[in-house]
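Have the viewer open and follow along.

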Amino acid sequence: MDSGEDPDATEAQRKKRYHRHTPRQIQTLESMFKDCPHPDEKQRMHLSRELGLEPRQIKFWFQNRRTQMKAQTERSDNCSLRAENDRIRCENIAVREALRNVVCPTCGGPPASEDSYFDEEKLRMENTRLKEELDRVSSIASKYLGRPISQLPRVQPIPISSLDLSVGGYGASPALGPSLDLDLLPGSSSSTSMPPLPFPAGGLSEVERSLMADVAASAMGELIRLVQTDEPLWTKSAGDGGEVLNLGSYDRIFPRAGNQLRDPEVRPEASRASCVVMMGATALVDMFMDSCKWMELFPTIIARARTIEVLSTGMGGRSGSLLLMYEELQVLSPLVSTRDFLFLRYCQQIEQDLWAIADVTWVEHMEIEEKTPVHRMYRSLVMKGTAFGAQRWLATLERMCERFSCLMAHGGSTRDLGASAVLSADGKASMMKLAQRMVNNFCGSICASNGHRWTTLSGPNDVGVRVTVHKNIDPGQPNGVVLSAATSIRLPVSPESVFGFLRNEQTRSQWDVLSNGNSVQEVAHISNGQHPGNCISLLRALNASQNGMLILQESCTDASGSLVVYGPVDLPAINIVMSGEDPSYIPLLPSGFTIIPDEAPSTTAAAAAAATMGAAGASTSSSNNPAGSKGSLVTVAFQILVSSLPSARLNLESVATVNNLISTTVQQIKAAFNCSSM
């Protein structure tokens with residue numbers, strides 16, 4: 001359902017709430033900015049008290065001022081470079097005129113041999129430069145259009161297929177050895193490295209920009225036809241009932257120029273899905289066109305995203321906006337390599353209240369070259385197109401829109417925290433933001449991203465336990481050396497049963513090694529959507545030795561899979577959150593589980609395993625997982641602060657501890673489902 005909010009009314013309310021700073025406030029802020037453009041929290045609090053502003057107003061003012069200063073510097077640099085370029089051009093013209101008028105002092109005629117040699121060398125150098133430029137543009141055309149530039153028509157518009165915009169491949173797999181090599185471990189999960197671009201970043205020529213604009217316009221036309229056309233272009237899948245592309249019909253409707261044949265090593269993936277979500281169209285468009293918000297909207301799918309260059313801002317940053325972007329897509333397991341893409345994103349308003357990327361209809365189509373073998377546990381999921389297919393995107397989008405809707409709604413149930421604690425609207429929003437950051441951090445810590453280097457240890461199955469380490473200096477996480485470890489297992493149990501077991505505080509003691517068999521109590525609860533499993537919980541361990549420690553947990557589920565993520569938080573930090581303060585600097589080191597439906601049919605009697613769940617406290621109905629049904633792919637992941645010193649080195653004792661922690665957790669989960677022998 002749509003939220004029913006009037007975008008114009010919402011925009012008017014924002015304008016009414018706009019606060020204009022006084023000249024004194026601006027003067028004080030400008031003076032502080034000259035001395036310290038990046039004030040810390042203590043300095044911001046001092047300014048807040050002195051100027052009578054909220055701390056977040058101080059924070060946003062400095063962020064905006066830094067952005068403004070950067071833009072001014074770039075404009076100044078551009079003006080200087082333009083002036084220098086004009087000066088050199090004028091000087092070049094003057095030199096050419098002078099050479100044209102040179103005469104021989106002996107005979108009065110033009111110089112004979114030296115000038116001809118000079119002109120020949122100049123032409124040869126110019127020819128080489130033009131050839132390199134042609135090769136560079138041809139490489140771009142080949143990447144985006146699927147054919148060399150020499151084959152393009154000279155005058156007619158380019159009949160480009162949008163499918164070629166999505167050509168990508170799995171990233172190189174991390175080096176994995178049979179034993180732990182500590183020299184392999186120092187990597188960084190916050191790495192922002194990207195694959196080399198086929199052109200200089202921020203230096204696109206007019207030819208390249210024009211070429212990309214033609215690509216985007218043609219791709220938009222094809223996208224609209226793909227959305228509006230049903231059979232025979234789209235057919236129902238025999239497996240899950242989703243819509244898949246009929247490649248024969250596609251080639252007839254969108255013929256590729258020339259006799260280009262499909263690469264036999266490239267496997268096409270094409271799917272379509274649609275749904276109605278609880279978010280306004282313009283708000284959704286704004287999130288799609290902002291790489292940071294794009295990541296925030298799909299934290300379980302997008303590992304990294306970045307806007308390389310804004311080619312066109314369009315009208316208000318929406319209709320006509322064209323971006324060159326980079327993204328890295330993930331499956332939440334270290335066994336599946338990420339897919340990285342360099343692509344164009346184009347937004348167009350078709351008519352009043354109708355956008356090409358809103359409303360929401362999703363079409364996902366890509367051609368994948370399998371550069372890295374997929375682990376057999378996830379092979380069926382990936383090869384069927386489910387791992388990165390349209391239905392997964394739509395299921396995630398629907399759930400996240402419900403979450404944002406709940407964030408805007410007032411009220412939330414709480415229980416006693418040992419005092420008369422009441423969760424206000426600001427406290428609820430702060431708690432949800434903290435939980436969202438926890439989930440984002442967890443998702444980024446377990447994928448096989450290009451920024452991770454995993455090393456395999458011996459483990460509870462043939463997969464083993466994979467570990468990586470990074471030195472963290474980011475705010476909102478404990479400073480120091482952090483060790484991440486994860487493994488994936490297959491259970492002959494329905495994803496619903498596994499999710500219910502792991503998120504239930506009454507069964508936590510059966511798998512949580514750190515609880516020492518003690519039970520936990522839910523003391524606060526925030527619903528995140530219509531499904532009862534989509535919620536945020538604050539848990540208190542009933543352990544006398546840990547009275548000051550609470551557990552923040554978020555669980556979420558949709559048709560594509562489920563997450564149970566948790567992290568320890570001390571009582572003073574929770575009091576700050578519940579008071580509605582900014583939770584950005586509260587340190588979190590989350591661990592948890594991902595649960596994905598297994599695409600391969602189970603060969604075991606899964607019903608017998610599900611029937612044992614009566615003792616585990618989950619669903620006792622064997623109808624949730626009848627014999628022969630599909631099981632679950634579960635990833636278990638932990639993060640441990642090895643040392644608070646960023647310069648500290650990893651020791652084998654820490655690695656052995658986390659290896660034992662994961663192995664024991666896996667064994668206890670299997671025992672709870674009566675499948676320890678698997």
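Predicted model: local features only at pLDDT ≥ 70, side-chain atom pairs only at ≥ 80, totals over all residues.

What follows covers cavities, aromatic pairs and charges over rings.

## Ground rules

Residues are numbered from 1 along each chain as its sequence is written, and side-chain values use heavy atoms, with hydrogens and water left out.

A cavity here is a set of points, on a 1 Å grid over the protein atoms alone, where a 1.4 Å probe fits but cannot get out. Grid points are joined across faces, edges and corners, and the volume is the space filled by probe spheres set on the points. On that basis there are three cavities of 30 Å³ or more.

Which residues line the second largest cavity? They are P299, R399, M400, R403, Q436, V439, E554, C556 and L563, where lining means having an atom within 4 Å of a point. Sorted by type, that lining has five nonpolar, one polar and three charged residues (Ala, Val, Leu, Ile, Met, Phe, Trp, Tyr, Cys and Pro are nonpolar; Asp, Glu, Lys and Arg are charged; the others, Gly among them, are polar).

At least two lining residues come from each of α11 (390-408), α12 (425-446) and β16 (549-558), and α11 gives the most, with three. Helices (H or I, at least four residues) and strands (E, at least two) are DSSP runs, numbered from the N terminus. Domain 2 (206-255 + 268-364 + 374-403) and domain 3 (420-601 + 629-673) both contribute to the lining, so the second largest cavity lies between them; the bounds come from an automatic or database domain assignment.

## Aromatic pairs

Twelve aromatic pairs turn up across the whole structure (ring centres within 6.5 Å; planes under 30 degrees apart are stacked, over 60 edge-to-face, the rest tilted; Trp uses its six-membered ring). The W61 and F62 rings are 5.2 Å apart at their centres with planes at 80°, so this pair is edge-to-face. Both W61 and F62 are buried, meaning under 20% relative accessible area with a 1.4 Å probe, protein chains only.

F288 and F298 also pair edge-to-face, at 6.4 Å centre to centre and 70° between planes. F288 and F298 are both buried. Ring pairs join F288, W294, F298 and W393 into a cluster.

## Charges over rings

The charged end of R345 sits over the W294 ring, 3.9 Å from its centre. R508 has its charged end over the ring of Y566, 4.4 Å from the centre. The test is NZ of Lys or CZ of Arg within 6 Å of the ring centre and within 35 degrees of the ring normal.

Key:
1 Å grid on protein atoms, 1.4 Å probe; cavity = no way out; pocket = protein on both sides within 12 Å on 5 of 7 lines; lining within 4 Å. Buried < 20%, exposed > 50% of the residue type's maximum accessible area, 1.4 Å probe, protein only.
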